[in-house]
Amino acid sequence: MEQKIVIEGEKELFGEVSIGGAKNAVLKLMAAALLVEDTCTIHNVPDLSDVETMIDVIGTLGAKTDYSKKTQTIEIDATNITDFVADYKYVSKMRASFNVLGAMLSRCGEAKVALPGGCAIGERRVDFHIKGLQQLGADVTIENGYVIAKGKNLVGCDIFLDIPSVGATENIMLAAVYANGVTRIRNAAQEPEIIDLANFLNVMGADIVGAGTSELIINGVSKGSMHGVEYSTIPDRIEAGSYMCMVAACGGEVIIQNMLPSHLTFVTNKLLEIGVNIRVINPYALKISKKNKLVATDIITQPFPGFPTDMQAPIMAVLTLADGVSIITESLYENRFMQIPELRRMGANIQQEGLHALVKGVDYLTGTDVKASDLRAGAAMIIAALAAKGRTIIGNIHHIDRGYEKLEEKLTALGANIKRVATETILSDNQKVNL
Ligand code: EPU
């Protein structure tokens, strides 16, 4: 049955919240586990629907998994690979499934993975992935909506990415671990999730240097030299940043634990600039509070270390309540302003001109029915609803479940009034609300 999230807003947030493992790192580690005829154990795995989808994807390829939500640990035994096809039903649901392409090509010399197509936030092409694999010597064709890559003897080479694509950097890195010779990815993505994948692969026996810089060097190793490992993934910087935005919008004082403040320096600086108080307590925690009215600022999304596109919708929700006019420029995706019409329904004053949004701060937002059009637009709805006067009912919450584990539990502990309900439920005072 369809579920919705119901929030009674205007509650300040107080207490401590602990951040889960990084969705966009762990999904790639799970794909990387396919590289070895062995078992990998990954810790700090978040309880998210995307993790379940990746379990299904690698399961159809033959990997055996044992996932404990309690210990947040997954064991992946990829000793036997029985298939090399990743079906459209998975890839259309979650684009990260496309990352099995590089790993399967490396391991089996052959992979067939559905083309993802566009999605709610933009066209999201995979041409850099394909070009990179071809440069390594793979024979890549597209047939019936699938990318078919073949190549048993890949050879290292220099690959220049037109833009520092996260997914292309990862797929090429996975394909190149067993290639003959040296692969250099120039203009590589520098996100923390890239470093996590390179670290994971290196512990498995790969030889990768330069992760986190624009030049990633992969020295090919022999297949027999890589093996299963035990590894703990990094904390989710976007989940942490989203909680920072919740406090910025609602007020209160919260300690955010099990995060890496060094992964969020741009977000932290912007929040400081608009009047939020932030103190890094130790390398894994910060304290954030807001007492005064916020002021407007300008934001331009950029690849890491710039302001993350995944934080654009969450910070927009905050800036709807800041004094003055903020200009937000989305430079990575052509359609990532889907939260704007929903925020307007809550009373926000936002004008969109192409890739720019002019946000004129208002005194308050008011609750109403809204929907999450994608994961981060969904986070923006949560932030706006927590700060708004009255009740907000958020639909399409399966998007939010892809990236925010135990959301109601974590927010309730901070003092928010948030519930997940079936579409028709008695909410309070015997009042039947048809949601
Ligand atoms: N692009 C191309 N051709 C390619 C690859 C990318 O034109 O071959 C373009 C894309 O269309 C996009 C831009 O390059 O406009 C950046 O795409 P990138 O490849 O860097 O993104 P991604 O790997 O598809 C990951 C995250 C996204 C996050 C981006 C940017 C995962 C599973 N997804 O996507 O996360 O926005 O990097 O940081 O890692 C999210 O978590 O909500 C999310 C969308």
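Reader: How many strands form the open sheet, and in what order?
Author: Four, in the order 18-19-21-20, with mixed pairing. Strands here are DSSP runs (E, at least two residues; helices are H or I, at least four), numbered from the N terminus, and two strands pair if DSSP finds at least two bridges between them. This is a predicted model, where local features need pLDDT of at least 70, side-chain atom pairs count only at pLDDT 80 or more, and totals for chains, interfaces and linings use all residues. Residues are numbered from 1 along each chain as its sequence is written, and side-chain values use heavy atoms, leaving out hydrogens and water.

Reader: Which are the edge strands?
Author: Strand 18 (299–300) and strand 20 (349–353), each pairing on one side only.

Reader: And do strand 20 and strand 21 run parallel or antiparallel?
Author: Antiparallel, joined by five bridges, with strand 21 covering residues 356–360. Glutamine 352 stands opposite alanine 357 in strand 21.

Reader: OK, new topic. At what angle do helix 8 and helix 12 pack?
Author: About 25°, with axes 8 Å apart; helix 8 is residues 237–250 and helix 12 is residues 375–387. Axes are lines fitted to C-alpha atoms, for helices over the stretch in contact, and angles run from 0 to 180 degrees between N-to-C directions. The two helices are therefore roughly parallel, a label for angles under 35 degrees.

Reader: Which residues of helix 8 meet helix 12?
Author: Among them are Ile238, Ser242 and Met246 in helix 8, while the helix 12 side includes Arg376, Ala379 and Leu386. Contact means heavy atoms within 4.5 Å.

Technical notes:
Angles under 35 degrees count as roughly parallel, over 145 as roughly antiparallel, 65 to 115 as roughly perpendicular and the rest as oblique.
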